[in-house]
Amino acid sequence: MSTLTTGAPAHGRASDGPAPAVRVVDAAVAYDRATVLDGVSLEVPAGQTLAILGPNGSGKSTLMRAMLGLVPLSAGRVELHGAPLRGFRDWGRIGYVPQRLSAGGGVPATVREVVTSGQVARRRRLHRATPDERAAVDEALEAVDLADRARDSVHELSGGQQQRVLIARALAARPDTFFMDEPMAGVDAASQRALARTVTRLGAQGATVVLVLHEPGPLEPLIGRSVVLSGGHVAHDGAPPRPEGECARPGHDHVHPHADPEHASAALPDIGVPRRG
Ligand SMILES: Nc1ncnc2c1ncn2[C@@H]1O[C@H](COP(=O)(O)OP(=O)(O)OP(=O)(O)O)[C@@H](O)[C@H]1O
């Protein structure tokens, strides 16, 4: 198994403790004056693996995007690592994995190019990659089991493999705080296993991981805490709820990891993640 280096502190914490990785205070978001999040407050301690769960349209992605300043708040505030979003400059600590590979369109970018693009914000203009930066790209590709596809066009890959490319792109900059929006949705079993292993290793190394999930699925053993949204409000904050209700309904159209029961247990990594927070 390859090593995986993150910017997370390798040892302990300062005695007064770090600021939470994310603090959301009484946040509201409205699209076209329709309120989709209202009165949402939560803190994500550094080092926690947290899942944001809830039915379709409950505001999960919007909350994640609001945490990153990608959608404006109509009320409330967000802090990242103790700094108000407006003043936050340490974006090298943040790795964002959006729902789908949107960059690139018809451009035949290779897997390695897309992963390397994760380092662009950190690199000086016209500055060649250092050996350490190239090593970080290799490490990220190995972490998601795509080292052998590095020269292939991303468009030749399956949806699950493309999702792994997005995760490798975030890993390549060695952040310590990850935001992943539905990384398991519509993903093949091999990719589920690669994703579960990656999240396990990130958690074990002290990274903060915020996941938007339709349900915990194979990631359940890795999740220290779940925040369930319903109608734009926090309906539950604590241990992950059992999969049931909405997900058990016939006609439920998300593709989930548990849709492949033969592989579901194989997706569980051998090592556990210490529960924090
Ligand atoms: N850019 C946008 N403009 C207008 N409305 C939006 C926009 N993005 C999301 N919405 C609406 O906001 C509500 C919350 O959407 P959001 O994507 O945050 O929910 P979600 O819980 O992540 O849903 P899903 O599980 O389907 O991805 C939905 O009613 C959605 O239609």
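# A tour from hairpin to core

Begin by selecting Ala27, which stands opposite Val40 in β2. This is a predicted model, in which local features need pLDDT of at least 70 and side-chain atom pairs count only at pLDDT 80 or more, whereas totals for chains, interfaces and linings use all residues. Residues are numbered from 1 along each chain as its sequence is written.

Now widen the selection to strand β1 (residues 22-31) and strand β2 (residues 34-44), which pair in the antiparallel sense over seven bridges. Strands (E, at least two residues) and helices (H or I, at least four) are DSSP runs numbered from the N terminus, and two strands pair if DSSP finds at least two bridges between them. β1 and β2 form a hairpin with two residues between them, and Asp32 in the turn has a positive phi of about 50°.

Next, select the open sheet of six strands, which has the order β6-β7-β8-β3-β9-β10, with mixed pairing. β6 (94-97) and β10 (233-238) stand at the edges, each with a single partner strand, so one side of each is left without a neighbour in the sheet. Neighbouring strands of this sheet are turned by 15° against each other on average, direction ignored, where axes are lines fitted to C-alpha atoms, for helices over the stretch in contact, and angles otherwise run from 0 to 180 degrees between N-to-C directions.

Within the sheet, pick strand β7 (residues 177-181) and strand β8 (residues 208-212), which run parallel and are joined by five bridges; here Met180 stands opposite Leu211 in β8. Helix α4 packs on the sheet, touching β6 and β7, and its direction makes about 170° with that of β6, contact being counted if C-beta atoms, placed from the backbone, lie within 7 Å.

Finally, show the largest nonpolar core, which has 64 residues, with Ala168 and Leu211 among those with the most contacts inside it. Such a core is a set of buried Ala, Val, Leu, Ile, Met, Phe, Trp, Tyr and Cys residues joined through C-beta atoms within 7 Å, and buried residues have 20 or more other C-beta atoms within 10 Å of their own. Close on Ala168, whose contacts include Val115, Ala140 and Leu146.

How values were computed
Buried ≥ 20, exposed ≤ 12 C-beta atoms within 10 Å, placed from the backbone. Contact = placed C-beta atoms within 7 Å. Lists of a residue's contacts leave out its neighbours within four places in sequence.
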